[in-house]
Amino acid sequence: MSAKDKESAHHDEDYHQFLRRLGIVVLTLIIILGIVIFIVWAVLRPTKPNFILQDVTVFGLNASSSPNLLSLSMQVTISSHNPNDRIGIYYVTMDVYGAYRGQQLTLPTLLPSTYQGHRDVVVWSPFLSGDAVPVAPDAALSLQQDQNVGAVLFNVKIDGQVKWKVGTWISGRYHLNVNCPAFIKFRNPDHAIAVGSAMKFQIVQSCNVEV
């Protein structure tokens, strides 16, 4: 091997050593950064937001058994409280819909993307509507029976995605699932207010939240 070839081989070896050392440094920095993020996350321990169904205004409710169809039109007021002192919440997407006995009755209503600061409260008042929605026979029959009794249990549900914000760091997306029971007593005037042809019911019911 000539002197020129030896010199070239030496340079190649130095270059490969440099790449190996650079890779080790980059990998070490990534591991350290991951450990720091994990420690900060573990210390702060984000708490999921608290959702409350404030009220429900029913504009229309109808059930038919031949065929089995349900129609529902209402407006709901939902509030969310961020209990964290140092963590903000980005509500990236949030679809709200009404359900009865596990069956979705209204089309999903998309809420606007929202940022919620530390200890902040956010309030939404979406309209929910479903016209002549096909349902199982037992659901239509149950709703007719509930209407005869004068009390109906609906569920207002939210299916969405959130991000946590700690300082300038923002997490990836987490699935948000909210279930708010709405027990409406049509024959109890103490909990209802007439709004034109509609009836507004004060609920103030805590919701089940999963993140």
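Me: Which residue does a disulfide join to Cys180?

Reply: A disulfide is a covalent bond between the sulfur atoms of two cysteines. Here a disulfide joins Cys180 to Cys207, with an S to S distance of 2.0 Å; the criterion is a pair of cysteine sulfur atoms within 2.5 Å. The structure holds one disulfide. Please note that this is a predicted model, in which local features need pLDDT of at least 70 and side-chain atom pairs count only at pLDDT 80 or more, while totals for chains, interfaces and linings use all residues. Residues are numbered from 1 along each chain as its sequence is written, and side-chain values use heavy atoms, leaving out hydrogens and water.

Me: Why is the disulfide of Cys180 and Cys207 called right-handed?

Reply: The torsion about the S-S bond of Cys180 and Cys207 is about 105°, and the disulfide is therefore right-handed. Cys180 belongs to strand E11 (residues 174–185), whereas Cys207 sits in the loop between strand E13 (198–206) and strand E14 (208–210), so the pair ties together parts that are 27 residues apart in sequence. Helices (H or I, at least four residues) and strands (E, at least two) are DSSP runs, numbered from the N terminus.

Me: Are Cys180 and Cys207 buried or exposed?

Reply: Both Cys180 and Cys207 are buried. Buried means under 20% relative accessible area, exposed over 50%, and partly exposed in between (1.4 Å probe, protein chains only). Of the 211 residues of the chain, 35% count as buried.

Me: How many helices and strands does the secondary structure of the chain come to?

Reply: The chain has two helices and 14 strands. Among its contacts with a separation of 6 or more, 74% are between residues 24 or more positions apart; contact means heavy atoms within 4.5 Å.

Me: Which residues have the most contacts inside the largest nonpolar core?

Reply: In soluble globular proteins, nonpolar side chains tend to be buried together. A nonpolar core is a set of buried Ala, Val, Leu, Ile, Met, Phe, Trp, Tyr and Cys residues joined through side-chain atoms within 4.5 Å. The largest nonpolar core here has 43 residues, and Phe51, Leu53, Val56, Phe154 and Val156 have the most contacts inside it. At least two residues of this core come from each of E1, E2, E3, strand E7 (121–124), helix H2 (137–149), E9, E11 and E13. E9 gives the most, with seven residues.

Me: How many aromatic pairs does the structure hold?

Reply: A pair of aromatic rings is described by the distance of the centres and the angle of the planes. The structure holds seven aromatic pairs. Rings of Phe, Tyr and Trp (its six-membered ring) pair if their centres lie within 6.5 Å; planes under 30 degrees apart count as stacked, over 60 as edge-to-face and the rest as tilted. The rings of Phe51 and Tyr91 have centres 6.2 Å apart and planes at 90°, so this pair is edge-to-face. The pair links distant parts of the chain, with Phe51 in strand E1 (residues 50–65) and Tyr91 in strand E3 (residues 88–100), 40 residues apart. Both Phe51 and Tyr91 are buried. For Tyr90 and Tyr115, the centres are 4.6 Å apart and the planes at 45°, so the pair is tilted. Tyr90 is partly exposed at a relative accessible area of 27%, and Tyr115 is partly exposed at 36%. Ring pairs also link Phe51, Tyr91 and Trp124 into a cluster.

Me: With which side chain does the side chain of Ser80 make a polar contact?

Reply: A polar contact is a pair of N or O atoms within 3.5 Å; within protein, one must be able to donate a hydrogen and the other to accept it, and residues adjacent in sequence count only if both atoms are side-chain atoms. The side chain of Ser80 makes such a contact with the side chain of Tyr91 (2.7 Å). Ser80 is found in strand E2 (residues 68–81) and is buried, with a relative accessible area of 0%.

Me: Where does Asp159 lie, and which residue does its side chain meet in a polar contact?

Reply: Asp159 lies in strand E9 (residues 151–166), and its side chain makes a polar contact with the side chain of His175 (2.5 Å). Asp159 is partly exposed, with a relative accessible area of 37%.
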